[in-house]
Amino acid sequence: MGKIAIMGAMPEEIEPIISKLENLKETQYAANTYYEGSYKGQDLVVAYSKIGKVFATLTATSLIEKFDCDTLLFSGVAGAISSELSIGDLIIADGLCQHDLDITAFGHPYGYVPEGEVCIPTDAALRTVAKEVAKDKGLTLVEGIIATGDQFVANPERKAWISETFKAHALEMEGASVAVVCSSLEIPFFILRAISDSADMDASFNFDEFLESSAKISADFILSMVEKIN
Ligand code: ADE
């Protein structure tokens with residue numbers, strides 16, 4: 001396997017991975033830090049983008065074009081939409097959409113722009129690896145649509161709208177950017193999130209409380225996937 005990119009949005013999402021890297025080398029590029037190293041013999045490049053779609057687009061593109069990664073795995077936290085998801089539970093995206101992309105004034109559906117697609121599918125082989133890891137660990141994985149937007153959702157009405165409009169199971173702020181970049185550059189990609197909150201009135205309080213523990217659940221799972229991909 002060539003180099004695998006592991007991306008998060010926040011320091012807490014990649015720290016559990018960086019702490020396990022051997023032969024760590026830090027490179028500054030495009031106003032960000034990229035961590036190169038190996039894990040159990042597999043070369044990795046790890047970075048957090050900062051929050052939101054624009055920063056995530058820049059980091060995903062850099063990991064592929066500048067650091068030569070040929071697979072991208074995203075690890076982080078998300079707000080739950082589906083009532084079957086509780087704090088700490090894992091969801092893998094089978095597809096990603098942008099809930100804040102809106103040119104409906106021109107008769108298009110929410111999340112659609114010409115020559116794009118509302119929902120971009122993730123790599124099926126990587127999802128299969130994830131299911132094998134979950135089976136080995138005795139963990140439950142939910143698989144479904146993840147909705148991305150430049151909003152921290154802490155509002156039951158917005159959450160219900162995203163649920164109905166996109167049939168999404170969870171929401172966050174970076175996944176669809178990674179999907180656009182990787183599908184355009186033909187790089188297999190995978191998005192994993194552990195739930196930190198339920199995108200409701202308590203969301204910001206729960207997010208602060210569970211960011212670190214949920215981010216670690218996701219990061220540990222990603223490292224187990226790296227061993228299997230290897
Ligand atoms: N990531 C984790 N929780 C979130 C929320 N409620 N809204 C947007 N992104 C999130």
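Here is a chat about the salt bridges, the ligand site and one arginine in this predicted model.

Me: Hi! I'm new here. How many salt bridges does a search of the whole structure find?

Reply: Welcome! Since this is a predicted model, everything I tell you is computed from it. The search turns up nine salt bridges.

Me: Why would side chains pair up at all?

Reply: In general, side chains can pair if they carry opposite charge and their charged atoms come close.

Me: Okay, which residues are linked in a network of salt bridges?

Reply: That network links Glu13, Glu172, Glu174 and Arg193. Let's take Arg193 and look at two of its partners. With Glu13, Arg193 forms a salt bridge whose closest N and O atoms are 3.9 Å apart.

Me: Where do Arg193 and Glu13 lie?

Reply: Arg193 is in strand 10 (residues 189–197), while Glu13 belongs to helix 1 (residues 11–18), so their pairing ties together parts that are 180 residues apart in sequence.

Me: And are they buried or exposed? Start with Arg193.

Reply: Arg193 has 1% relative accessibility, so it counts as buried. Glu13 is buried as well, with a relative accessible area of 1%. The cut-off for buried is under 20%.

Me: What about Glu174, how far apart are the closest N and O atoms in its salt bridge with Arg193?

Reply: Those atoms are 2.9 Å apart.

Me: Buried or exposed, or something in between, for Asp220?

Reply: Asp220 is partly exposed, at a relative accessible area of 27%. Lys216 counts as partly exposed too, with 39% relative accessibility.

Me: New topic: the ligand. Which residues come nearest to it?

Reply: There are 13 residues around the ligand, and the nearest of them are Gly79, Gln151, Val153, Leu171 and Asp197.

Me: Which atoms of Gly79, Val153 and Asp197 are involved there?

Reply: For Gly79, a backbone N or O atom lies 3.3 Å from a nitrogen atom of the ligand. Val153 also uses a backbone N or O atom, 2.8 Å from a ligand nitrogen. With Asp197, an N or O atom of the side chain is 2.6 Å from a nitrogen atom of the ligand.

Me: How much of the ligand's accessible area does the protein cover?

Reply: The protein covers 96% of the 260 Å² that the ligand has on its own.

Me: Where does the ligand sit, then?

Reply: In the second largest pocket. Strand 5 (69–80), strand 9 and strand 10 are the elements that give two or more residues to the shell around the ligand. Strand 5 contributes the most, with three residues.

Me: One last stop: where is Arg127 found?

Reply: Arg127 is in helix 3 (residues 124–137). This arginine is buried, with a relative accessible area of 14%.

Me: What does its side chain reach?

Reply: The side chain of Arg127 reaches the backbone oxygen of Thr122, at 2.8 Å.

Note on methods:
Residues numbered from 1 in each chain as written. Predicted model: local features only at pLDDT ≥ 70, side-chain atom pairs only at ≥ 80, totals over all residues. Heavy atoms only, no water. Salt bridge = Lys/Arg side-chain N within 4 Å of Asp/Glu carboxyl O. Helix = DSSP H or I, 4+ residues; strand = E, 2+ residues; numbered from the N terminus. Buried < 20%, exposed > 50% of the residue type's maximum accessible area, 1.4 Å probe, protein only. Near = heavy atom within 4 Å. Polar contact = N/O pair within 3.5 Å; in protein donor to acceptor, adjacent residues only side chain to side chain. Areas by Shrake-Rupley, 256 points an atom, 1.4 Å probe, with all protein chains shown as cover. 1 Å grid on protein atoms, 1.4 Å probe; cavity = no way out; pocket = protein on both sides within 12 Å on 5 of 7 lines; lining within 4 Å. Sits in = over half its atoms within 2 Å of the grid points.
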